[in-house]
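Please read the points below with the sequence and the structure open. They are meant for someone who has not looked at this protein before.

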Amino acid sequence: MPITVKDVMGRVAIAVQQDASFADIVAAMKRFAVGAVTVIDADRRPVGVVSEDDLLLKEVDQVRHSVSIFESSRRRQEHRKAAAVTAGTLMTSPAITVTPNSPVRDAARLMHEKRVKQLPVIDPVTGRIAGTLHQRDVLRVFTRPEHELAADVDAALAGPDGVGVRIDRGVVTLTGEVATRSRAIALTEAVRAVEGVIDVVCELTARKDDLIVVPPLM
């Protein structure tokens, strides 16, 4: 059964209002020991995110009153953030969000692609923030109780094959004999897709190699 965001998310919505000051943002990050906070509007809907990198620009960027026409849009944005003093002007927008029913695998992929360490979780109906998903929450799927992992692996292997399964600290070993080599590969990939599986060792043998490529006759 797929693990969803609501199964692992933090129920505390780590957020600040758009008019929160620089000091308020730093205090919120320190209080919750996080590297970013969600910025919300008056209706508690996420509108952006302020990260530690955004705050550090205040220290490392030499703000100037004039901007060169030869500067990239990214550099101009960095100057703007370095001069900012509220969450609304510091934030990166729009906010990247997930819902409680989003698969954890999709949330992990989103974190990786966008290079973020946490995601605000929103109510799919109201759009309001309902919690926060951290990288450490996503990694909890790799510490699932072994009986839960075994049940999902068995479900992924449902069929007449009679494949043997051994699980050791998240590594699944498949043993036995199946009809074809392609079937062995399909079963291995099905188990690899189970949340919490760290790796799959395939010791399956096949009665027939249906993947042999026969060279054309000359």
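**Notes on the structure**

1. Of the 218 residues in the protein, 36% are buried (buried means under 20% relative accessible area, exposed over 50%, partly exposed in between, with a 1.4 Å probe and protein chains only). This is a predicted model, in which local features need pLDDT of at least 70 and side-chain atom pairs count only at pLDDT 80 or more, while totals for chains, interfaces and linings use all residues. Residues are numbered from 1 along each chain as its sequence is written, and side-chain values use heavy atoms, with hydrogens and water left out.

2. There are nine helices and eight strands in the protein; these are DSSP runs numbered from the N terminus, helices being H or I with at least four residues and strands E with at least two. Among contacts with a separation of 6 or more, 57% are between residues 24 or more positions apart (contact means heavy atoms within 4.5 Å).

3. Strands S6, S7 and S8 form an open sheet in the order S6-S7-S8, with mixed pairing (two strands pair if DSSP finds at least two bridges between them). Its edge strands, S6 (164–168) and S8 (199–208), each pair on one side only. On average, neighbouring strands of this sheet are turned by 15° against each other, direction ignored.

4. Strand S7 (residues 171–180) runs parallel to S8, and nine bridges join them. Within this pair, threonine 173 stands opposite valine 201 in S8. Helix H8 (residues 146–156) packs on the sheet and touches S6 and S7, its direction making about 150° with that of S6. Helix H9 (residues 181–192) lies across S7 and S8 and runs at about 155° to S7. For these angles, axes are lines fitted to C-alpha atoms, for helices over the stretch in contact, and the range is 0 to 180 degrees between N-to-C directions.

5. Which residues of helix H2 (residues 22–32) are buried? They are Ile25, Ala28 and Met29. These residues lie on the same side of H2 because they cover an arc of only 95° around the axis, taken from the directions from the helix axis to the C-beta atoms. The face turned away from the buried side of H2 carries the exposed residues Ala23, Lys30 and Arg31. Just after H2, alanine 33 has a positive phi of about 55°.

6. Valine 39 is located in strand S2 (residues 36–40). It counts as buried because its relative accessibility is 0%. Leaving aside neighbours within four places in sequence, the contacts of valine 39 include Val16, Pro46, Ala87 and Met91. Between valine 39 and serine 93 there are 54 residues in sequence separation and 9.2 Å in space, C-alpha to C-alpha.
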